[in-house]
Amino acid sequence: MFLIFVGLVLGAIVAGGNHYVITQLDPGNDVVLGWLLAAPVVASLLLALIAPKLVGAPAPIDEPLEPAPPPEPVEPPENAALRLLAALQEEGRLVDFLAEDIGPYSDDQVGAATRGIHASCAKALRDCITLEPVLAGKEDDAVTVPVGFDPKQIRLTGNVHGEPPFKGTLRHAGWQATTVTLPARAGLEPRVIAPAEVEIA
């Protein structure tokens, strides 16, 4: 807008000068007078309109940006399994039991040992993961698998043919985790399920 104003002022000044010259040299020539008066004004107006496009808009000033926060460290996926295994070891010594050769022991001895391991590991599992059955019901109950069932949740076995709904017998209700809360193990190497213990006399 400022350039248009300046162009009009300059055009008017040039036109005024031309008018003075023509009136002094050839006062009766109206055509020449008209062209000399109008041409500077039109040329100045066109120049004022085109100049911004030729020059271009001023470049925006880059404002300093705040530095992005550092990304959160990503835990390897296997660490979650190791933390669960560490919890089962800490509560019920599950790794000790599975790693031990139980062949030399009698069934009574194994049964007596597993009762305590079962209770402790069950508690550790409940503390880490909330489990619910995929299908309601008990084993050997009659169930109906509806149309649109999720094959990732329900596995069909036996004589499967045709289209759902399917009628069958529940062989296992399945398990699904609704919440997972694995304990943190700060200061420990993730692959160390249980550190070695040395008692100093």
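Start with Arg 191. Arg 191 is exposed, at 58% relative accessible area. This is a predicted model, so keep that in mind throughout. Arg 191 forms a salt bridge with Glu 78, with the closest N and O atoms 3.6 Å apart. That pair links distant parts of the chain: Glu 78 sits in helix α3, residues 77-92, while Arg 191 sits in the segment after β4, 113 residues apart. Glu 78 counts as partly exposed, at 35% relative accessibility.

How many salt bridges are there by this rule? The count comes to 6.

Next, Arg 171 and Asp 140. Their closest N and O atoms are 2.6 Å apart, and the pair is a salt bridge. Arg 171 lies in the loop between β3 (166-169) and β4, and Asp 140 in the loop between β1 (129-132) and β2 (142-145), so the bridge ties together parts that are 31 residues apart in sequence. Arg 171 is exposed, and so is Asp 140.

Now a local case. Lys 123 bridges to Asp 127, with closest N and O atoms 3.0 Å apart. Both residues lie in helix α5, residues 107-128, 4 residues apart, or about one turn of the helix. Lys 123 is partly exposed at 37% relative accessible area. Asp 127 is also partly exposed, with a value of 45%.

Which residues of α5 are buried? Val 110, Ile 117, Cys 121, Ala 124 and Cys 128. What covers the buried residues of α5 includes α3, α4 (94-99), β1 and β4.

Cys 121 is buried at 10% relative accessible area, and Cys 128 is buried at 5%. A disulfide is a covalent bond between the sulfur atoms of two cysteines. The structure holds 0 disulfides.

Last topic: two arginines. First, Arg 83, in helix α3. At 19% relative accessibility, Arg 83 counts as buried, because the cut-off is under 20%. What does the side chain of Arg 83 reach? The backbone oxygen of Leu 182, at 3.4 Å, and the backbone oxygen of Pro 183, at 3.3 Å. Beyond its sequence neighbours within four places, Arg 83 is in contact with Glu 75, Leu 182, Pro 183, Ala 184 and Arg 185.

That brings us to Arg 185, in the segment after β4 (176-180). Arg 185 is buried yet has no salt bridge. Which side chain of opposite charge is nearest to Arg 185? Glu 90, and it is 6.0 Å away. The salt-bridge cut-off is within 4 Å. A polar atom of the Arg 185 side chain does lie 3.2 Å from the backbone oxygen of Ile 193. Leaving aside neighbours within four places in sequence, the contacts of Arg 185 are Arg 83, Ala 86, Pro 190, Val 192 and Ile 193.

So, to recap the arginines. Arg 83 is buried, and its side chain reaches backbone oxygens of Leu 182 and Pro 183. Arg 185 is buried without a salt bridge. Arg 191 is exposed and bridges to Glu 78.

Technical notes: Residues numbered from 1 in each chain as written. Predicted model: local features only at pLDDT ≥ 70, side-chain atom pairs only at ≥ 80, totals over all residues. Heavy atoms only, no water. Buried < 20%, exposed > 50% of the residue type's maximum accessible area, 1.4 Å probe, protein only. Lys, Arg positive; Asp, Glu negative; His and termini not counted. Polar contact = N/O pair within 3.5 Å; in protein donor to acceptor, adjacent residues only side chain to side chain. Contact = heavy atoms within 4.5 Å. Disulfide = S-S within 2.5 Å.
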